[in-house]
Amino acid sequence: MRTRLIAAILILFSAVCLVTPMASAQGTIKIGVITSLTGSQAAFGEAHKNGYAIAIDEINAKGGVLGKKVELDFYDDQSKPDQAVQGVSKLVDQDHVVMLLGAYSSENTKAIINPVSTHQIPLIIPTATADNVMDSKSPWVFRICAGANDYARATLEFLKHNGSPKTIAIVYEKTNFGQANMQAMKEQATAAGLQVVAVEEYEAKAPDYKAVLRRVKDKNPDVVYFGSYLLDATTLMRQSMEVDLNPKYYTSAGTGFAAAEFPTPKGAGRNAEFTFSVSQWLPDAPWPGSKEFDAEYFKRFNSHPQYHAMQAYQSLQTAAIAITNAKGTDAAKIRDALKNLNLKTSAFGPVKFDNGQNLHTVLITQVQGGKYHVVFPANLADVKPVIPAPRWADRK
Amino acid sequence: MTALRGWRIFALLGVTAVFACLPLFLPNDYVLQVFFRIVLFAALGLAWNLVGGYAGQLSLGHVAYFGVGAYGMAMLYAHHVPLWLSVLFSALIATGFAAIIGSIVFRLRGPYFTLSTIAFAEVLRLSVTNLPAAGGAIGLSTPALFPPGAFWKMFYLSAVALAFVSFLVNAWTSRSRFGYYLMAIREDEDTAAAVGIDTANYKLRALMASAFLTALGGGLYGSAFQFIVPDSVLSGEISVQIAIITMLGGAGTLLGPVVGAVLLLAASELFKNKFQESHLLTYGILIVIVVLVLPEGIVGGLKQLFQRKTKPPASVAPLAATPAQGGD
């Protein structure tokens, strides 16, 4: 009985400790970040966090913005859209951040567009590729990454210049991200004269995709185009081997197929070999600052960054530039500064928003020897693509 | 209403009044949102308590009614049903849905019952995910029940109202013939049937009442966040959260769900802001401590503690404080 009392007191005590508000430094500029630090998208939230960490240190090392230190205020949306909405309110109403960066997934980002617009606070979207996040045409929303339509266009362009295959199968996870990429590819492939022979959806949390992959195999497509997150991408490639699915090209809409872990033993390992992916950025990208970012990232986190980290990094850098250009933290002035921004070059390439959308060049990469290499466009490529992908029986 | 005599009714009114006044003093919308969630989940916990607490039927599929409330509201409104009527209708649809589900799953007992509630909720989630009319996986924008000005204040007050109604239903249940039947079913279903209680019928009634209240909560929640996807309002996590809140606070007690909601949701939000990624660990440890130290839930445990002190230890544990899992 005494232990119960002690426990009750302990719980109460810890609760009281927690309620005491966190002291916030005066004279700083606070930028709010919503991302998925926990939940099913936590791997990407981690990449975000690392990218932001490097950017904030660089900015503050140079003396901050407008002579003040920049401070990041994170809100974990737990990979849930309603939590992301709550995050907008927490960061804006309570913490009074001057602008927002986030969220990670297309789903969560779509959910926060409305509250961002009603709060009249500028938002930079680092990674949400579904094009419906830009549907609202809200003047407060700026997206730094390329979208699903750009992915499909770049992939088809690559295929056209590399063997011009005739048939394609689309396999996608059915949240906003996967559906958007499926739609974009289906429309553009048909327009480009490719025959879409199979469109298969799956549930990202499901443990088994063999039925889906067998149906694809029956259609014997030249190309398979995946729209997948990380865990499903890993399983898809392992099970592609198991069902002996042998298209000439494994292509994908990035994300899971472009995650740092994917070509490593932590991800799909050797099954990842020869898969193509769209990519928004690579350490080898020919933009000033790319290699430096990669080196710094590796030094700190002991792994090479993928584009999600870079997009977070560049979102924060862009935010800092916009606040500097706005000469203050007034929301409308920052918004206008973002509208008028014209960065000729950055570690993520040129940044210029057209109706809120950054006009970004999409790269095509291929996993070769456990690493991502740029294979397209030709002027940015560092290796030649391996086509067709060897049959599973011939690998090892 | 015999349960609400004397000081109890004043205490109840007082607590409700204090809660309802809080929004006037809260510094901003964020804190209001957190309070909205706490009170809403207290209401959901109370609704669940009818089935999971008094009747002792461990349902882990209550998100089905919650989701029907949210989706029903959004879809009926899209078909030109007036806003508040669509909230009410969707709650009625959920009640009907509960009647159908209940008449099937209440033939099962124990773990089989629990599994089948999970299965029904999962079937619903998958159906909605694949239903283009419901927005599929991309989700639906939901209509706002209140104008932007006092948006969260009104949502908060609605949640308080819902929690109050749910509390009254619980209070009545705890002292009515209906409630005694449910408790008899919880303690021993065969004996209850043997003494002439129509067990299937009473369990079904409890579930329907519970579903109605849960769906109202779903409608509020869906509208408050203005955007719903199957993963947010039909996810199994919500079922589990509702059950955990009630069991941790004390299943089958009046105040248990309220205490559980306050403790768990406040802790979740505070830990999140304080510890970043490690918040789930902290949250988990808190749950483990409570489960180990107070297996009957906080309210149930404290009740027992209090009664043991005032009565000689030889006394038999009172009915209300015995754990809910004694069903079969």
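How many residues does the contact between the two chains take from chain B, and how many from chain A? Then take me through the open sheet of four strands in chain A: what is the strand order, and is the pairing parallel or antiparallel?

Tutor: This is a predicted model. The contact takes 26 residues from chain B and 30 residues from chain A. On the chain B side, α2 (29-54), α12 (256-275), α13 (279-293) and α14 (297-310) are the elements that each give two or more residues. By class, that side of chain B has 15 nonpolar, seven polar and four charged residues.

Now for chain A. Its domain assignment gives domain 1 (28-146 + 287-358) and domain 2 (149-279 + 363-394). The centres of the two domains, taken over C-alpha atoms, are 28 Å apart. Their contact draws 15 residues from domain 1 of chain A and 13 residues from domain 2 of chain A. On the domain 1 side, helix α4 (residues 106-119) of chain A provides the largest share, three residues. That side of domain 1 divides into five nonpolar, seven polar and three charged residues.

Next, the sheet you asked about. The four strands of chain A run in the order β7-β6-β8-β9, the sheet is open, and the pairing is parallel. The edges are β7 and β9 (249-252) of chain A; each pairs on one side only. From one strand to the next, the twist averages 20 degrees.

Helix α7 (residues 210-219) of chain A packs on this sheet and touches β6, β7 and β8 of chain A. The direction of α7 makes about 175 degrees with that of β7(A).

Start with strand β6 (residues 167-173) of chain A. Six of its seven residues are buried, so β6(A) is largely enclosed by the rest of the structure. Strand β6(A) pairs with strand β7 (residues 195-202) of chain A over seven bridges, in the parallel sense. Here A:Tyr172 has A:Glu201 as its bridge partner in β7(A).

Move on to β8(A). Strands β8(A) and β9(A) pair in the parallel sense over four bridges. A:Tyr225 stands opposite A:Thr251 in β9(A).

A:Thr255 is not a glycine, yet has a positive phi of about 55 degrees. A:Thr255 counts as buried because 31 other C-beta atoms lie within 10 Å. A:Leu66 also has a positive phi of about 55 degrees, although it is not a glycine. A:Leu66 is found in the loop between α2 (42-61) and β2 (69-76) of chain A. With 14 C-beta neighbours inside 10 Å, A:Leu66 counts as partly exposed. Most residues other than glycine have a negative phi, and most peptide bonds are trans.

A:Ala148 is buried, with 29 other C-beta atoms within 10 Å. Leaving out residues up to four places away in sequence, A:Ala148 touches A:Thr129, A:Ala130, A:Asp131, A:Ala180, A:Asn181, A:Ala184 and A:Ala253. A:Pro385 is 237 residues from A:Ala148 in sequence, and 22 Å from it in space, C-alpha to C-alpha.

Chain A also has an open sheet of three strands. Its order is β10-β14-β15, with antiparallel pairing. The edge strands are β10 (276-279) and β15 (371-376) of chain A, each pairing on one side only. Here the twist averages 40 degrees from one strand to the next. Strand β14 (residues 363-368) of chain A pairs with β15(A) over five bridges. A:Gln366 has A:His373 as its bridge partner in β15(A).

Finish with two prolines. A cis peptide bond joins A:Phe376 and A:Pro377, with omega about -5 degrees. A:Pro377 lies in the segment after β15 of chain A. The peptide bond from A:Ile387 to A:Pro388 is cis too, with omega near -5 degrees. A:Pro388 is likewise placed in the segment after β15 of chain A.

Notes:
Residues are numbered from 1 along each chain as its sequence is written. Chains are lettered from A and ligands numbered from 1 in the order in which they are written. This is a predicted model: local features need pLDDT of at least 70, side-chain atom pairs count only at pLDDT 80 or more; totals for chains, interfaces and linings use all residues. Domain bounds come from an automatic or database domain assignment. Two residues are in contact if their C-beta atoms, placed from the backbone, lie within 7 Å. Ala, Val, Leu, Ile, Met, Phe, Trp, Tyr, Cys and Pro count as nonpolar, Asp, Glu, Lys and Arg as charged, and the others, Gly among them, as polar. A residue is buried if 20 or more other C-beta atoms lie within 10 Å of its own, exposed if 12 or fewer, and partly exposed in between; C-beta atoms are placed from the backbone. Two strands pair if DSSP finds at least two bridges between them. Axes are lines fitted to C-alpha atoms, for helices over the stretch in contact, and angles run from 0 to 180 degrees between N-to-C directions.
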